[in-house]
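This briefing covers a single protein chain. Please look through the sequence and the structure before reading the points below.

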Amino acid sequence: MRELKVLIVVVVFTLITYWGVEPFAHSQMHPHVEPADYEYKDVDGLNGLTGNATNGASLVQTNCTACHSIEKEGFPPVMDDATSAASYGVVPPDLSTAGNLYNADYLAAFIKNSAKASKVEHKFKDGRIHPMPGYEWMQPQEIADMVAYLQSIAPEKMTNKEVFADACQRCHGIKYGDMKGGTMAAHTPNENIKAYMGKTPPDLSQYIRSRGESYLHTFINNPQKHLEGTAMPRVGLTQKAEQQVIDYMEQVGDSKKAEREALGPKFLIYLVIFAIFAWLWKAKLWRNLH
């Protein structure tokens, strides 16, 4: 009976400590942020306009292919990655899949004012200019036409790896995705991306383990929620594309997740059985002593 009382006291004080300290620690290490907004309500997007893809083709090919490739439509990169990075600070993306990856309203807002849409205006002050020029001078219908064209040429389906490569790999590597071949290294050389971003973006091989899925969703959707003033832009991915990015990160960095989670309940059952036998053995020994 005395041992039971001691156990109760220990449990009570443990719970008091946990409930008194853990929520505070959690609020400091993982402060609450608003849920991800996949509708991008804050941007000046399409505003209900429906685009004409045929007209958009002419506009995109005239205004965008000087910097961007559209390999699906026969427009190869103008320069190699190293030269592009030296010229712009970061390798411009190929636009073949943009209509699949990005929210349409975000895409329209980005074409109009890239720094504002991606929430990095704080980086481009005192004469610094975003490498992507703004097209706010265009008519809203023309912007809608460009978005419609990009959507019309985008593939309907993409693998998780393809989405990661097109959405993230210009800046971030994920070396565990291909350690021997090195094909998952960042396209922009370190010296260029460091100068452009202020620091070298991290390799994402283990970020699914160190940050967790919930954090990654809100961070990718809007990095400023977690790191105010960060140089990482809001990417503008659709909810589906963002999930594919995180699924690929999990595939690479936490491939044993299902196996590990399946082992958890078995291990807890083992601990319960072990505790029962330990208690019975202890009780037997104490009976002999008395």
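How do the residues of the lining of the second largest pocket divide into nonpolar, polar and charged? They divide into eight nonpolar, seven polar and five charged, where Ala, Val, Leu, Ile, Met, Phe, Trp, Tyr, Cys and Pro count as nonpolar, Asp, Glu, Lys and Arg as charged, and the others, Gly among them, as polar.

This is a predicted model, in which local features need pLDDT of at least 70 and side-chain atom pairs count only at pLDDT 80 or more, while totals for chains, interfaces and linings use all residues. Residues are numbered from 1 along each chain as its sequence is written, and side-chain values use heavy atoms, with hydrogens and water left out.

**Second largest pocket**
- A pocket here is an open set of points on a 1 Å grid over the protein atoms alone, where a 1.4 Å probe fits, with protein on both sides within 12 Å along at least five of seven lines; lining residues have an atom within 4 Å of a point.
- The volume of the second largest pocket is about 340 Å³, taken as the space filled by probe spheres set on the points, which are joined across faces, edges and corners.
- Its lining has 20 residues, and Ser69, Val91, Pro92, Pro93 and Asp94 are the closest to the centre.
- Helix 3 (81-88) and helix 8 are the elements that give two or more residues to this lining; helices are DSSP runs (H or I, at least four residues) and strands likewise (E, at least two), numbered from the N terminus.

**Nonpolar cores**
- A nonpolar core is a set of buried Ala, Val, Leu, Ile, Met, Phe, Trp, Tyr and Cys residues joined through side-chain atoms within 4.5 Å.
- Buried means under 20% relative accessible area, exposed over 50%, and partly exposed in between (1.4 Å probe, protein chains only).
- The largest core has 55 residues, and Leu101, Phe164, Leu237, Val245 and Met249 have the most contacts inside it.
- Among the elements that give two or more residues to this core are helix 2, helix 4 (98-101), helix 8 (160-168) and helix 12 (239-253), but the largest share, seven residues, comes from helix 7.
- A second, separate core of five residues includes Val43, Tyr106, Ala109 and Ala117.

**Around Leu101, helix 8 and Thr238**
- Leaving aside neighbours within four places in sequence, Leu101 is in contact (heavy atoms within 4.5 Å) with residues including Met158, Val163, Leu237 and Thr238.
- The buried residues of helix 8 are Val163, Phe164, Ala165, Ala167 and Cys168, and they pack against helix 4 and helix 12.
- Thr238 is in the loop between helix 11 and helix 12, and counts as partly exposed because its relative accessibility is 21%.
- Not counting residues up to four places away in sequence, Thr238 touches Tyr38, Asn100, Leu101, Tyr102 and Asn103.

- Most residues other than glycine have a negative phi.
- Asn47 has a positive phi near 55 degrees; Asn47 is in the loop between helix 1 (2-29) and helix 2 (53-63) and is exposed, at 58% relative accessible area.
- Asp126 has a positive phi of about 55 degrees; this residue is in the loop between helix 6 (114-117) and helix 7 (140-153) and is exposed, at 83%.

**Record annotations**
- The unreviewed UniProt entry annotates residues 6-25 and 263-281 as "transmembrane region"; such annotations may be inferred rather than shown by experiment.
- In the model, residues 263-281 are 100% helix, with end C-alpha atoms 27 Å apart.
- Residues 51-154 are 48% helix and 0% strand, and residues 155-253 are 45% helix and 0% strand.
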